[in-house]
Amino acid sequence: MIETNYDFEDIISKFKIDGKLVYCERYGEGHINVTFLAIVEKSGVQTKYILQKINKNLFKNVEKLMHNIKLVTEFSRQKVIARGGDPDRESLTIVYTKDGNSYYYSQKDDEYFRVYVFITDAIAHQREDRPGQFYQSAVAFGEFADMLSDFDASQLYEILPDFHNTENRFRDFKASFAADRAGRAANVGDEIKFVLDREGYCNKFTSLIKTGEMPLKVTHNDTKLNNVMLDEKTDKPVAVIDLDTVMPGTICYDFGDSIRFGCNTAAEDEKDLSKVKFDIKLFEEYTKGYLSSLGNSITEIEKDNLAFGAILMTYECGIRFLADYLDGDLYFHTAREEHNLDRARTQFKLVTEMENQLDQMKDIVKKIAAAK
Ligand code: ADP
Ligand code: GN1
Ligand code: MG
């Protein structure tokens with residue numbers, strides 16, 4: 001159960017927001033923070049805001065988290081202004097508290113809240129519902145990576161260390177399996193075997209990063225389709241959102257995580273696995289959009305590993321869902337008993353489908369990269 005019973009009027013009053021709160025309800029489908037749409041009215045004019053209760057179990061140091069987001073949003077804001085765009089729409093914008101902080105700590109609730117300007121006339125899609133949207137999300141994430149290519153990474157805290165270190169994720173998974181805190185391991189023998197059989201995947205990127213062959217860049221690290229806003233009329237990219245995980249990483253993580261979510265013909269939590277297929281046409285679309293907007297900084301080793309990145313990110317996410325199921329649903333928001341298990345199963349089905357099509361996926365990347 002997610003606690004949503006707060007004194008929203010009081011919370012909103014702490015921020016530089018002028019007017020009366022007339023609406024505040026849960027919003028969006030993020031798995032980590034608790035997001036609300038807040039509507040404030042002044043002189044008959046209503047303004048929307050995004051209010052978020054920050055996940056304090058995950059983000060142990062909110063000051064450092066918001067330091068990162070402040071730097072990245074200010075940087076992207078300047079870039080948007082320089083290109084003549086609208087910074088309040090084309091960049092995530094923090095609304096500060098009346099005493100100038102990027103978040104508000106409510107002592108009464110022992111919770112941290114932040115407010116963003118609501119990005120208007122745009123949609124964060126759960127799936128492509130009009131052809132071309134997934135392509136546009138690729139353009140958005142490619143441009144985002146390109147924009148951050150001259151951002152000084154040393155200014156950022158590594159807020160969730162080893163976020164995409166699959167070796168660590170595998171080790172944590174084994175610990176969850178051994179502890180079996182929720183007494184669920186006996187029900188999921190096939191899924192556990194699926195993970196253990198693929199241990200060989202886990203060090204593929206970590207070892208390339210260690211030797212320096214795979215470059216670390218400032219990446220988003222959570223490139224789901226619903227973390228990008230597309231214009232509601234034109235479907236053109238408006239802004240990349242959910243900047244909690246902007247940290248050094250490889251573009252193969254970002255590419256792979258988008259494919260994991262967006263090339264699934266069904267929802268991430270679909271129960272009927274016969275609906276879950278890997279859509280290679282969408283893979284091709286995304287690759288075109290990403291490579292076209294990424295700039296020229298992509299290296300050979302990155303190109304060679306984009307396709308496998310999709311398998312690795314899907315496998316890793318499946319491991320995380322299954323580990324959370326074994327732990328008793330402590331990390332991801334869940335709405336039903338087997339939610340995390342259903343999610344893990346869709347990921348493993350996609351991994352199998354991608355394993356069978358890896359050669360075609362690699363050919364697609366090669367063909368598109370060569371045509372650039
Ligand atoms: P989480 O970390 O839980 O995934 P997000 O920051 O991704 O939270 O926000 C959840 C959802 O809220 C997004 O998918 C999107 O629908 C909506 N959202 C977040 N920020 C904004 C914004 N600034 N403007 C409009 N919608 C937003
Ligand atoms: C979480 O925050 P959200 O819902 O955009 C998670 C991602 C997972 C994703 C799976 C900080 O993303 O890593 O891939 O769920 N974010 C964090 O849907 O753990
Ligand atoms: Mg999100």
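Reader: Which helix gives the most to the lining of the second largest pocket?

Author: Rolling a probe the size of a water molecule over the atoms shows where empty space is left. A pocket here is an open set of points on a 1 Å grid over the protein atoms alone, where a 1.4 Å probe fits, with protein on both sides within 12 Å along at least five of seven lines; lining residues have an atom within 4 Å of a point. In the second largest pocket, helix 5 gives the most, with six residues. Helix 5 covers 166–179, and helix 10 also supplies at least two lining residues. Helices are DSSP runs (H or I, at least four residues) and strands are E runs of at least two, numbered from the N terminus.

This is a predicted model, with pLDDT of at least 70 needed for local features and 80 or more for side-chain atom pairs, while totals for chains, interfaces and linings use all residues. Residues are numbered from 1 along each chain, chains are lettered from A and ligands numbered from 1 as written, and side-chain values use heavy atoms, without hydrogens or water.

Reader: How much space lies in the second largest pocket, and which residues are closest to its centre?

Author: About 470 Å³, where a volume is the space filled by probe spheres set on the points, joined across faces, edges and corners. The lining has 21 residues, and Leu58, Arg169, Asp172, Arg320 and Tyr331 are the closest to the centre.

Reader: And what about the largest pocket?

Author: That one holds about 870 Å³. Its lining counts 45 residues, with Gly30, Asn226, Asn227, Ile241 and Asp242 closest to the centre. Helix 10 provides the largest share, five residues.

Reader: Which residues are closest to ligand 2?

Author: Count a residue as near if one of its heavy atoms lies within 4 Å of the molecule. By that test 17 residues surround ligand 2, the closest being His31, Lys224, Glu268, Arg320 and Tyr331.

Reader: What polar contacts does Glu268 make there?

Author: Look for pairs of N or O atoms within 3.5 Å. A polar side-chain atom of Glu268 sits 2.6 Å from an oxygen atom of ligand 2. Lys224 also uses a polar side-chain atom, at 2.8 Å from a ligand oxygen, whereas His31 uses a backbone N or O atom, at 2.8 Å. The protein covers 98% of the 440 Å² of accessible area that ligand 2 has on its own, by the Shrake-Rupley method with a 1.4 Å probe.

Terms used:
Polar contact = N/O pair within 3.5 Å; in protein donor to acceptor, adjacent residues only side chain to side chain.
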